[in-house]
Amino acid sequence: MNCREISEFLMDYVGNTLDQDVQQTFQAHLTQCTNCYEYLSQYRETIKAGQLACHDDDVSELPDDLVRAVLAALSKEPRT
Amino acid sequence: MTEGALIEGLRSGDEHVFETLVRTYGGRLLSVARRMLNNEEDARDAVQDAFINAFRARATFKGEAKISTWLHSIVVNTSLMKLRTRKRKAEEPIESYLPRFLPDGHHTQQYASWAEPVDVALGRKATAERVRSAIETLPETYRTVVLLRDIEGFTTAETAEIVKTTPNAVKIRLHRGRLALRTLIAPHLAGAAT
Ligand SMILES: [Zn+2]
C-alpha cells in the first residue's frame with residue numbers, strides 16, 4: 001500500500017470498519033511512514049476540531065422575538 | 001414536564017406543550033439551522049417551518065424516537081429544503097483542497113504534528129471561529145454531509161436518506177469533506193498560538 005492508497009482508507013480505519021488484512025497492511029505502512037502517521041492524526045483532529053468549533057457556538061435558547069413568531073404561526077394552524 | 005407528558009400533549013396538539021417544545025428545543029434547532037444555512041434570516045425561517053411541520057405531523061410521531069431527535073431531523077429537512085430553493089451558484093470543485101500525491105504514490109508535502117491538541121487550540125474563540133468559517137468554505141455537497149455525520153451525529157444510512165443519495169456516496173463525500181477541511185484548518189492549527 002502506498003501513501004495515496006492509505007489516504008483512501010483513513011475513514012474506514014478511523015471508523016474501525018477495515019477488513020482485518022487491510023488493517024494490518026495499513027498499520028504496517030504507518031509504522032514505516034511518519035508522513036502518513038502524522039496525516040492520520042491530523043485527520044482525526046480535524047473531526048474533533050469541527051465538533052468543538054460548532055458546538056462551542058450552540059445557543060441554548062431561542063431569541064424571544066422568534067419564540068413569539070413561532071407561537072403566532074402555530075396558533076394559525078388548524079387544530080384538527 | 002416529562003417526555004411522556006410532552007408526547008401526550010404533542011399528539012393532542014396542546015398549545016402549552018408546543019410552547020414548552022419551542023422554548024426547550026428551539027435554541028438547539030436554531031444552532032443546527034445556522035450551521036446548515038449560514039444565514040440568520042434563513043435559519044430563523046427554517047426553525048419556524050420546522051415547528052410548523054412538526055405540528056402538522058404530530059399525529060405521526062410514534063414515540064419510538066425521542067422528541068428531541070424527531071425535531072432535530074425535521075429542522076435538518078427544512079434547512080435542506082431552504083438550501084435547495086436558494087439560487088445556486090456553480091459549486092466549487094473540491095479537488096483543490098484534497099491532498100496531492102506524486103506519481104509513485106507518495107505525499108507531495110511533509111506533515112508534522114500540530115502545535116497543540118485541538119481541544120486546547122479550540123478553546124480560543126478566534127481559532128474556533130476560523131474552523132467554523134473553514135466549514136462554511138466547503139462546497140455545499142460536502143459541507144452538508146460533514147455537518148450531518150460529524151456534527152449532528154446522524155449515521156451514514158440516516159444521512160443518505162436525508163440527502164437522498166446512497167450510503168456509498170455519503171461515505172465518499174464525508175471522506176473528501178474531512179480531507180478538505182483538514183487542508184483548510186491546518187494553517188490555523190499548525191503553528192503556535194495566534
Ligand atoms: Zn505513507
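Me: What does the domain assignment give for chain B?
Reply: The assignment gives domain 1 (3–85) and domain 2 (94–190). Keep in mind that this is a predicted model.

Me: How far apart are the C-alpha centres of the two domains?
Reply: The C-alpha centres of domain 1 and domain 2 of chain B lie 27 Å apart. The contact takes 11 residues from domain 1 and 12 residues from domain 2.

Me: And how much area do they bury between them?
Reply: About 1,000 Å², with 57% of it on carbon and sulfur atoms.

Me: Which residues in domain 1 lose the most area to domain 2?
Reply: B:Arg35, B:Asn38 and B:Leu83. Together those three make up 40% of what the domain 1 side buries.

Me: Stepping back, how many helices and strands in chain B?
Reply: Chain B has nine helices and zero strands. From the N terminus on, its elements run α-α-α-α-α-α-α-α-α.

Me: What box do the C-alpha atoms fill?
Reply: Roughly 65 × 35 × 30 Å, taken along the principal axes.

Me: OK, helix pairs. At what angle do α4(B) and α7(B) pack?
Reply: Helix α4 (residues 67–85) and helix α7 (residues 140–151) of chain B pack at about 175°, and their axes are 13 Å apart. The two helices are therefore roughly antiparallel to each other, since angles over 145 degrees count that way.

Me: Which residues meet there?
Reply: From α4(B), B:Val76, B:Leu80 and B:Leu83. They meet B:Glu140, B:Arg143, B:Thr144 and B:Leu148 of α7(B). By class, that contact has four nonpolar, one polar and two charged residues. B:Leu83 also came up above, among the residues of domain 1 that lose the most area to domain 2.

Me: Next pair. What about the angle and axes of α6(B) and α9(B)?
Reply: Helix α6 (residues 125–137) and helix α9 (residues 167–190) of chain B pack at an angle of about 160°, with axes 9 Å apart. So α6(B) and α9(B) are roughly antiparallel to each other.

Me: Is the crossing left-handed or right-handed?
Reply: Right-handed, for α6(B) passing α9(B).

Me: Which residues make the contact?
Reply: On α6(B), B:Thr127, B:Arg130, B:Val131, B:Ala134, B:Ile135 and B:Thr137. On α9(B), B:Leu181, B:Leu184, B:Ile185, B:His188 and B:Leu189.

Me: And how do they divide by class?
Reply: Seven nonpolar, three polar and one charged.

Key
Residues are numbered from 1 along each chain as its sequence is written. Chains are lettered from A and ligands numbered from 1 in the order in which they are written. This is a predicted model: local features need pLDDT of at least 70, side-chain atom pairs count only at pLDDT 80 or more; totals for chains, interfaces and linings use all residues. Side-chain values use heavy atoms; hydrogens and water are left out. Axes are lines fitted to C-alpha atoms, for helices over the stretch in contact, and angles run from 0 to 180 degrees between N-to-C directions. Helices (H or I, at least four residues) and strands (E, at least two) are DSSP runs, numbered from the N terminus. Angles under 35 degrees count as roughly parallel, over 145 as roughly antiparallel, 65 to 115 as roughly perpendicular and the rest as oblique. A crossing is left-handed if the near helix is turned anticlockwise from the far one by less than a right angle, and right-handed if clockwise. Contact means heavy atoms within 4.5 Å. Ala, Val, Leu, Ile, Met, Phe, Trp, Tyr, Cys and Pro count as nonpolar, Asp, Glu, Lys and Arg as charged, and the others, Gly among them, as polar. Domain bounds come from an automatic or database domain assignment. Buried area is the accessible area (1.4 Å probe) that two parts lose on being put together, summed over both.
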